[in-house]
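Hi,

Here's the structure I said I'd pass on. Have a look at it first, then read my notes below.

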Amino acid sequence: MDAHIRTLLTVICEAALEKKLVADLEQLGAPGWTISDARGRGGRGVRSAGWDTEGNIRVEIICTRDIAERIAGHLVRSKQRWPKPIGQ
């Protein structure tokens, strides 16, 4: 049996970022991904998926470790450029 080791990278973000994130994933070499609505409760309160651009999405990418690290690094660098929410 020929086994291939893959990494599952899961990203939770605002639904409004979906188009930008998908473009970035393509550019960074992700072979494919699954996107679904995400809702729940955490340190920032309760998030619902009731509105297309106000809820969160869950993006799952199965890829090599190298690509997963490339995507994660890109997301960390991108987040550092975003303005901080009020009160933080």
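Which strands does α2 lie across? The answer is β1 and β5, with α2 running at about 20° to β1. (Axes are lines fitted to C-alpha atoms, for helices over the stretch in contact, and angles run from 0 to 180 degrees between N-to-C directions. Helices, H or I with at least four residues, and strands, E with at least two, are DSSP runs numbered from the N terminus.)

Before you go on: this is a predicted model, where local features need pLDDT of at least 70, side-chain atom pairs count only at pLDDT 80 or more, and totals for chains, interfaces and linings use all residues. Residues are numbered from 1 along each chain as its sequence is written, and side-chain values use heavy atoms, leaving out hydrogens and water.

Now the sheet. It is open, with 3 strands in the order β1-β5-β2 and antiparallel pairing (two strands pair if DSSP finds at least two bridges between them). β1 and β2 (34–38) are at the edges with a single partner strand each, so one side of each has no neighbour in the sheet. β2 and β5 share 5 bridges, and Ser-36 sits opposite Arg-58 in β5.

Then the core. The largest nonpolar core has 15 residues, including Leu-9 and Ile-71. (Such a core is a set of buried Ala, Val, Leu, Ile, Met, Phe, Trp, Tyr and Cys residues joined through side-chain atoms within 4.5 Å; buried means under 20% relative accessible area with a 1.4 Å probe, protein chains only.) Its largest share, 4 residues, comes from β5.

Cheers

How values were computed:
Buried < 20%, exposed > 50% of the residue type's maximum accessible area, 1.4 Å probe, protein only. Contact = heavy atoms within 4.5 Å.
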